[in-house]
Amino acid sequence: MSRGLATFDGAATLAARLGTALPPGPSQPTSADRMIEQRLRSGWRPERALDVGRGDSATIERLALMAPATAWRGIDAVSPGGSGPERWRDGRILPYDGHEIPFPDRRFGLVRAVDVLSATPRPDLLLREMARVLADDGLLVGEVSQFEPSHHGVRRNLTPAGLLEMAADAGLSLEEVGHGEDGFAALQAAYARGGGTAVPARVVGADVCHGEDDGRAGNLAALLCAGRWAFALRRGPVRSLPADPGRSSAAPVGDPAAFPGSLAYWRWRYAAGRDSGAGSYGRFAEFKAEVLNATFKELGIGSAIEFGCGDGNQLALLEVPTYLGLDVSPLAIERCRSAFRDQPGRRFALLEAYAGEQADCALSLDVIYHLVEDAVYEDYMRRLFGAARRCVVIYSSDEDAMDGGAPHVRHRRFSAWIARHADGDWMLLRHVPNRYPFRGDAGEGSFADFFIYIRRADNPGA
């Protein structure tokens, strides 16, 4: 060890207590989510996961893409007498008192706790509660502050030694520990931002944090000097860590280069900060709104339900009194609820929560050619026509073809599906060609046209 760590009498004892959880070789700053991703990439698939403290939605979406079968729930503390925020209304995120977790014993294979133990008055009690709901052989992964100059909500700083004691009391074993950013460097930067001269490195102990070797001593030094650090605790015997392919934690999880499926793709897309696509903006959105609003007026449509509402930009141009928008992405639904929170006639829900609601008109706008799986496509079409009382409006291509350059695009001849499954009840009222047809540039034209269907019973002469 270096001279700096040699002056810390407990360094060798702490290193021994950390055991194999402390990496033996060179390591980079890590995070709780990187630890989770590393295990998911190795094939680990917990049946249920709990996010304590309701972390960033985009992060949870990215993790969910890696294991779509894992059912995520979240809890967030609410002050006595307080009311839950908008995000609790979908039922996946519940309020709790900050102490007692409202789930039964051994419920979750993964518990995620980022910036929670540092913010609670009794981290030992909360850790016991998280251990209680952790399944046998389950994993509790989290991050805590050790010393940070500006992190909001920090009540106490936790050291590795302190966490080891609490974990042992809760019946958990430390499987992995990793350092975050250099806390002394963060203090220096904060001091400088406050108008002072940067703190001399020798004053804040840089000799302790730097100059170590690339093995356990260097990792221990980085851990002791970290402003925040991450850990993985297991109920049961610890496991050897899976090999990390070295993917940056900043890289988008669920990158469609290795296409994960239509549902996962669209969750990834919104989690990555992208929008519904060019078809919902600019002149394409204006053309679609013109056709839709004219149809609503012509047929006297008072309510609409859209399967695949996206980010809601298209809806802002529509003139229909009552609207229900459904989508597979929780982030897209959150955006829509926020954008239309002052319009009581607009409601939004996850597609998985659809309970058979109907409306005068069912809408499918730029969706069908994104349903690459046959089973997903079949379910979608049946649901679309089953939800319509009077008309169905489809805006899509109508041919069978794959787009070799876009794995999330598969053109469908949906008119053939209608002829096989719905021709007895439905008829084509109108085909409206696109005002801006595709001629090789997706930014200038679209391969989608409008197809407007009505019930045959509403047109006896047909």
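Is Cys336 buried or exposed? At 0% relative accessibility, Cys336 counts as buried (under 20% relative accessible area; exposed is over 50%, partly exposed in between, with a 1.4 Å probe and protein chains only). The model is predicted, so local features need pLDDT of at least 70 and side-chain atom pairs count only at pLDDT 80 or more, while totals for chains, interfaces and linings use all residues. Residues are numbered from 1 along each chain as its sequence is written, and side-chain values use heavy atoms, with hydrogens and water left out.

The structure holds zero disulfides (pairs of cysteine sulfur atoms within 2.5 Å). For Cys336, the nearest cysteine sulfur is that of Cys309, 4.2 Å away. Cys391 is buried as well, at 1% relative accessible area.

Side chains of opposite charge can pair when their charged atoms come close. Across the whole structure there are 23 salt bridges (a side-chain nitrogen of Lys or Arg within 4 Å of a carboxyl oxygen of Asp or Glu). One of them joins Asp33 and Arg112, at 2.7 Å from N to O. Asp33 lies in helix α3 and Arg112 in strand β4, 79 residues apart; helices (H or I, at least four residues) and strands (E, at least two) are DSSP runs numbered from the N terminus. Asp33 is buried at 13%, and Arg112 is buried at 4%.

The loop between β3 and β4 holds Asp105, which forms a salt bridge with Arg132 at 2.7 Å. Asp105 is partly exposed at 49%, as is Arg132 at 23%. Arg106, in the loop between β3 and β4, pairs with Asp136 at 3.1 Å.
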